[in-house]
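The sequence and the structure come first.

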Amino acid sequence: MLEDGRILLGGIGAGADAKPEYLDLAYANRHGLVTGATGTGKTVTLQVLAEGFSDAGVPVFCADIKGDLSGLSVRGEPKEAFAKRAAEIGLDPWYNDFFPTIFWDLFGRKGHPVRTTVSEMGPLLLSRLMDLTEAQEGVLNIAFRIADEDGLLLLDLKDLQAMLAHVLDRADEISRLYGNVGKATVGAIQRQLLVLETQGGDRFFGEPALTVADIMRCDREGRGVVSVLAADELMRSPRLYATFLLWLLSELFEELPEVGDADKPKLVFFFDEAHLLFDDAPKALVDRVEQVVRLIRSKGVGVFFVTQNPLDLPEKVLAQLGNRIQHALRAYSPREQKAVRTAAETFRANPAFDSATAITELGTGEALVSVLGQGGAPTMVERVKIRPPAGRVGPITEDERAEMMRMSPVAGRYDTPVDRESAYELLTGRAEAELQGRETARVEAEAAVARGRDAARTRADAAARRSAEPRAPWGEPSEASREEEVPRERPAPRAAPRAAPRSGYQRQTVAETVMKQVGRTVASTVTTAIVRGILGSFKRGR
Ligand SMILES: Nc1ncnc2c1ncn2[C@@H]1O[C@H](COP(=O)(O)OP(=O)(O)OP(=O)(O)O)[C@@H](O)[C@H]1O
Ligand SMILES: [Mg+2]
């Protein structure tokens, strides 16, 4: 399956004249495209490629949309259809095999949990993930910037919620510094964040975050480990799926060193259902994908897009995909006919057949193939019968999966989430302190008012008494003697002026009571108030 730095894709022609067709590993970082209508053999082709890369010592990352790609982790069976294909293309010996595999799952069920942190995801991708408007994205950018400046870690979604509430609290001040931060805009982002949370985003954001090194492993024999991301459930949140894969690409780009054009890639990344990445994508995002795909090549990462229709991908992305495997397309509707024409036109023509006609006539597991050859030029298009894979075609059982997860080299590393101190904890702490401070101040102010009222009442009583008594012939009694008089007549109010030296103590006890009260309420009802505060309604509600 692996010959002279090339992966055997299949055979051209049949019988004794059959010629092998290869994918050159040296050009695998010039990316690729696998297209074809449903049921034409895309997943099997993807499996053939993944197995070939693994054999060549190249780690692979791929999403398993229907669960059937997982089969490469167990030895295949020599099924009749595949034995027939092997004979057709003269594949001898054809043997079955299995490949080192690590299973991953954003939801942590069918694989080790994959997580990233909010700050690693960054405002652009998060905006895409939450489908934010430009104005909302602007505000999210500001929130990230302030978090940065204030040294607040944004790890999980509650950190981001806390951060947004913080921005809301300081909206006026922040608007002066960074431009308008509309309260309604922040509110809209907060609501989108709640939606993301209910879609399972809360499980995806946090720590321990995925380390790129863990998807770039080889086994003891030097075979590349295939990372299989369970994507069947994930496909129900297509935006999360697309954003995650794009994040992973950006992460790889940022983490990996430049290697230029090596004799084989460092990692190959398969982007199945790639159209999801571009459906309604804003131009900024398409530009970003185009840029990442263009630049990641020099880091030794090959990206293979897999989709039904080549028209699903923007032209500037398509233009960068050097290795092409086109399975059959139907050509009934005008759009389908256009897709066939587009696909046919991108190939270097072969005088032996008409590409457009061939695309509609290809059998299952057959494809038009053009790869990059010597000097990086595309080879003439060939009609290729794709070879049968060595691993199982079809899904593995739950028991097989559980066993492989248990034996996995990353077992235990990601399985338990860790919640360390970050923006949420720090801002909640601040809010609590502020709340306590505010309560203390309020009680002190009330006490002061009460003291003032008592003193005034004492003075009023004294005045009333004085007006009832005959006026002293000369002068007033001294302060001291008057003070002494008062307690005899009105012991209670007198306590107020007398209380002055003790009021410190009294205040302390009041403060203590308040602290205790706040302590209790923080533990019970006020917690809700604070949490609500963090969610944005605390200040507004008051
Ligand atoms: N190279 C091949 N040799 C022999 N049989 C093949 C080959 N490729 C595909 N087939 C047969 O076709 C079936 C469907 O192939 P596959 O699952 O790869 O299609 P697909 O294009 O991924 O479909 P979908 O779009 O529904 O996911 C396989 O289960 C297998 O029986
Ligand atoms: Mg498939």
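Just after helix α6, Gly-179 has a positive phi of about 100 degrees. Helices (H or I, at least four residues) and strands (E, at least two) are DSSP runs, numbered from the N terminus.

The model is predicted: local features need pLDDT of at least 70, side-chain atom pairs count only at pLDDT 80 or more, and totals for chains, interfaces and linings use all residues. Residues are numbered from 1 along each chain as its sequence is written, chains are lettered from A and ligands numbered from 1 in the order in which they are written, and side-chain values use heavy atoms, with hydrogens and water left out.

**Confidence**

The mean pLDDT (the predictor's confidence in each residue, from 0 to 100) of the protein chain is 82. Of its residues, 82% reach 70 or more. Over residues 470-542 pLDDT stays under 50. For that stretch the model has 66 contacts (heavy atoms within 4.5 Å) beyond four places in sequence.

**Helix α6**

Helix α6 spans residues 171-178, and Ala-171, Ile-174 and Ser-175 in it are buried. These residues lie on the same side of α6 because they cover an arc of only 105 degrees around the axis, the arc being that of the directions from the helix axis to the C-beta atoms. An α-helix has 3.6 residues a turn, so residues three or four places apart point the same way. Here buried means under 20% relative accessible area, exposed over 50%, and partly exposed in between (1.4 Å probe, protein chains only).

The buried residues of α6 pack against α4 (134-149), α5 (157-169) and α7 (183-204). On the face turned away from the buried side are the exposed residues Asp-172, Arg-176 and Leu-177.

Strand β11 covers residues 323-326. Asn-323 and Ile-325 point one way from β11, Arg-324 and Gln-326 point the other way, and all are buried. Two strands pair if DSSP finds at least two bridges between them. Strand β4 (residues 32-35) runs parallel to β11 and is joined to it by 4 bridges; Thr-35 has Gln-326 as its bridge partner in β11. Strand β12 (residues 366-370) runs antiparallel to β11, with 3 bridges between them. The partner of Gln-326 in β12 is Leu-368.

**Salt bridges**

The structure holds 25 salt bridges, each a side-chain nitrogen of Lys or Arg within 4 Å of a carboxyl oxygen of Asp or Glu.

| Pair | Closest N and O atoms |
|---|---|
| Arg-223 and Asp-55 | 3.7 Å |
| Arg-170 and Glu-173 | 3.1 Å |
| Glu-400 and Arg-392 | 2.9 Å |

Arg-223 forms a salt bridge with Asp-55. This pair links distant parts of the chain: Arg-223 is in the loop between α7 and β8 (226-230), and Asp-55 is in helix α1 (residues 42-55), 168 residues apart. Arg-223 counts as buried because its relative accessibility is 11%, whereas Asp-55, with a relative accessible area of 22%, is partly exposed. A network of salt bridges links Asp-55, Asp-97, Asp-219 and Arg-223.

In the second pair, Arg-170 is partly exposed at 22% relative accessibility, and Glu-173 is partly exposed at 34%.
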